[in-house]
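Hi,

Here is the structure I promised to pass on.

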Amino acid sequence: MPERNVTRTLSVETPSMPGNLGKVATAIGTVGGDIGDITTKQIGPFSTIRDITVHCENEEQLQQVIQAIESLGNGIYVRAVSDDVLHAHIGGKIHMTKRMDIRSLADLRRIYTPGVANVCQLIQKEPEKARFYTSIGNTVAIVTDGTAILGLGNIGALAGMPVMEGKAALFDHFAGISGVPILLDTSDPDEVVRTIKHIASGFGGILLEDIGSPHCFEIEERLVEELDIPVMHDDQHGTAVVTLAAAINACKNAGVDLQSAVVGQIGLGAAGLAICRMFLAYGIKQVYGVDRRMEAMQRLEAYGGMALSSIEELMQKCDIVIATTGVPGLIKPEMIRQGQVVLALSNPKPEIEPEEAMKAGAVYAADGRSVNNVLGFPGIFRGALNAHAKKISHPMLVAAAEAIAACTKEGELTPHPLDMRVHQAVARAVEEVALLEMQEREIQ
Ligand SMILES: NC(=O)c1ccc[n+]([C@@H]2O[C@H](COP(=O)([O-])OP(=O)(O)OC[C@H]3O[C@@H](n4cnc5c(N)ncnc54)[C@H](O)[C@@H]3O)[C@@H](O)[C@H]2O)c1
Ligand SMILES: O=C(O)C[C@H](O)C(=O)O
Ligand SMILES: [Mg+2]
């Protein structure tokens, strides 16, 4: 099945006569369009209007679909073409809402002045009570500087807002956490760290999102060190957790020992380097990497990985290949080695389509839609917030990866992202490890 990146809803008018819908459907299929939903909007004595959702490989094919319908003639034509994805974004995807009714003046005085003043003074005297009497303990800032929005590059924080709103929607849905997008107009580590520290008291945690490398490393390290709430760069550790889960399952399914597998990472930016560090810390001995930037390769070597000089060499050498470069089509089918596991994780388009990799001989192949950090970050923060953890430690991340792996159906690499049990299992596993770590620290 070819990749279908363009989805549009066509408003199609036909004379109200049996057979016309069939003609339209055949016209769409003849040029390769794939029909999704069909909704009848209006049936009149003379004409019928239907919304037909069509998935196409590209814009060119969409135009062919429209032409094919129009060329049917006899009163059949396309009235309008609309973009459902764009439509779904009108007004944004999130909204902050109240948690109680405001029906009477008594309600008003209880939740607002004068009642609220007492609560303020209580928190002034005992700041730790803010976690109990405000939403802070359940609110996470989703912070971006817009420098690595998906694989679209440095498009700015404002253009990245739809992604941040998406992450906030996922936080709410999968973990009941309020995510608040924060857009920064600076990438300077000093300024980013200073800004986040100035706003941190209003949040129970900080999720750094789509902040490019190498400045993301310094920003995260400093914030983890200087703040006493969980801070995690999703593109680094959220991705590493889910990739480790996929690798655990790939090896289990193939009857291979993960620790002795040869792993290759193409692209050693935020996601790629964190994946290598996670794999090395998990005990995998041979982790190779390539990047077009020398300093990224040096960073890999500093963590115990091995740099290679070309993608071709890496593809020859490795049993499991992971790519996070943001470059669609970077892996050519002829580079695939028989029996390889290929995880091409760049969004919105992978380095190679999974179907193409499988056709070329891969034993397992996945892209960034199925191996996606959505499986990790909601549960990781839920667990950390539940435990009142001050940091997200490596063992907490490993526990998350193992929980994701354990929730996966036999023969697959990752679980279904909409399966609530996965997010609950991740939260439980992370909370347990966090509480254990806190107990151990108290004993010492
Ligand atoms: N599936 C997921 O959950 C997930 C999570 C995070 C990131 N990603 C994807 O990974 C990609 C990278 O994200 P990032 O945050 O790591 O960005 P980044 O900018 O930090 O890293 C990209 C790295 O790829 C390298 N690179 C680019 N082109 C290359 C080439 N031709 N050959 C070798 N190296 C090359 C760059 O030098 C850089 O080091 C994006 O497309 C993003 O969508 C996916
Ligand atoms: O946003 C996603 O879908 C995953 C990831 O955070 C990315 O940047 O690609
Ligand atoms: Mg991201």
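**Around the ligands**

Ligand 2 has Leu-150, Val-163, Asp-210, Asp-234, Asp-235, Asn-347, Gly-368, Asn-372 and Asn-373 around it, where a residue is near a molecule if its C-beta atom, placed from the backbone, lies within 6 Å of it. Sorted by class, that shell holds two nonpolar, four polar and three charged residues. For the classes, Ala, Val, Leu, Ile, Met, Phe, Trp, Tyr, Cys and Pro are nonpolar, Asp, Glu, Lys and Arg are charged, and the others, Gly among them, are polar.

Before you go further: this is a predicted model, with local features needing pLDDT of at least 70 and side-chain atom pairs counting only at pLDDT 80 or more, while totals for chains, interfaces and linings use all residues. Residues are numbered from 1 along each chain as its sequence is written, and chains are lettered from A and ligands numbered from 1 in the order in which they are written.

Ligand 1 is surrounded by 31 residues, and the closest are Gly-151, Gly-267, Gly-269, Ser-346 and Gly-368. Two elements give two or more residues to this shell: helix H10 (234–254) and helix H11 (270–281). Helices (H or I, at least four residues) and strands (E, at least two) are DSSP runs, numbered from the N terminus. H11 provides the largest share, three residues. The class count for ligand 1 is 12 nonpolar, 15 polar and four charged.

**The annotated site**

UniProt, in an unreviewed entry, puts a "binding site" at Glu-209, Asp-210 and Asp-235; such annotations may be inferred rather than shown by experiment. These residues span 27 residues in sequence, yet no two of their C-alpha atoms are more than 6.4 Å apart, so they gather at one spot.

Glu-209 sits in the loop between strand S7 (205–208) and helix H9 (215–226), and Asp-210 is in the loop between S7 and H9 too. Is Glu-209 buried or exposed? Glu-209 is buried, with 29 other C-beta atoms within 10 Å; the cut-offs are 20 or more for buried, 12 or fewer for exposed, and partly exposed in between. Asp-210 also counts as buried, with 27 C-beta neighbours inside 10 Å. Beyond its neighbours within four places in sequence, Asp-210 is in contact (C-beta atoms, placed from the backbone, within 7 Å) with Thr-144, Ala-148, Ile-149, Leu-150, Gly-160, Val-163 and Asp-235.

**The whole chain**

The protein chain has 17 helices and 14 strands, and 41% of its 444 residues count as buried.

Cheers

Definitions and conventions. Two residues are in contact if their C-beta atoms, placed from the backbone, lie within 7 Å.
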